[in-house]
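Here's a quick tour of one protein chain, written as a briefing. Take a look at the picture first, then read on.

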Amino acid sequence: MEKELICIVCPRGCHLTIDDDMNVKGNFCPRGKQYAINEVTCPKRMLTSTVKIISSSIKRLPVITSEEIEKSKMFDVMNAINKVTVKAPVKMHQIIIKNVENTGVDIIATREVLK
């Protein structure tokens, strides 16, 4: 059975087809082939969100995963993020949650917030 995908690795947006034997067609570069294989075997994504922050003029601190996480872990990671409250000041790239949900990935701040 073939699956059709659109590669998101670069702006080209190649229309890919991958079969059960992991044969990929339609990719312009090797990255497209690897994307298709990863997408059908273990899809991963970066996750961006916000956490509550106190002692600051803003109410939410933007955060991101330090690297891609498995899509199947997204809801577990979001539940962990939603339980966190940080206190200002916060530095850019500061680790907010280390090894979130035992993924080996950290949740980091994407902006600096002063008191």
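Helices here are DSSP runs marked H or I with at least four residues, strands are E runs with at least two, and both are numbered from the N terminus. By that naming, helix H1 covers residues 30–41, and Glu 39 sits in it. Keep in mind that you're looking at a predicted model.

**The overall layout**
- The chain has 10 strands and 2 helices.
- The C-alpha trace spans about 55 × 25 × 20 Å along the principal axes of the chain.

**Contacts, surface and charge**
- Take the contacts between residues at least 6 apart in sequence: 44% of them join residues at least 24 apart.
- Out of the chain's 115 residues, 32% count as buried.
- The chain shows an accessible surface of about 7600 Å², and carbon and sulfur atoms account for 51% of that.
- On the charge side, there are 18 positive and 13 negative side chains.
- The centres of those two charge sets lie 13 Å apart.

**Strands E1, E2 and E3**
- Strand E1 (residues 3–6) pairs with strand E2 (residues 15–18) over 4 bridges, and the sense is antiparallel.
- Within that pairing, you'll find Lys 3 opposite Ile 18 in E2.
- E2 also runs antiparallel to strand E3 (residues 24–25), and 2 bridges join the two.
- Which residue of E3 is the bridge partner of Ile 18? That's Val 24.
- So much for the strands themselves; the hairpin of E2 and E3 has 5 residues between the strands.
- Met 22 in this hairpin takes a positive phi near 65°.

Terms used
Residues are numbered from 1 along each chain as its sequence is written. This is a predicted model: local features need pLDDT of at least 70, side-chain atom pairs count only at pLDDT 80 or more; totals for chains, interfaces and linings use all residues. Side-chain values use heavy atoms; hydrogens and water are left out. Buried means under 20% relative accessible area, exposed over 50%, partly exposed in between (1.4 Å probe, protein chains only). Contact means heavy atoms within 4.5 Å. Accessible areas come from the Shrake-Rupley method with a 1.4 Å probe; for residues, only the protein chains shown count as cover. Lys and Arg count as positive and Asp and Glu as negative; His and the chain ends are not counted. The place of a charge is taken as NZ of Lys, CZ of Arg, CG of Asp or CD of Glu. Two strands pair if DSSP finds at least two bridges between them.
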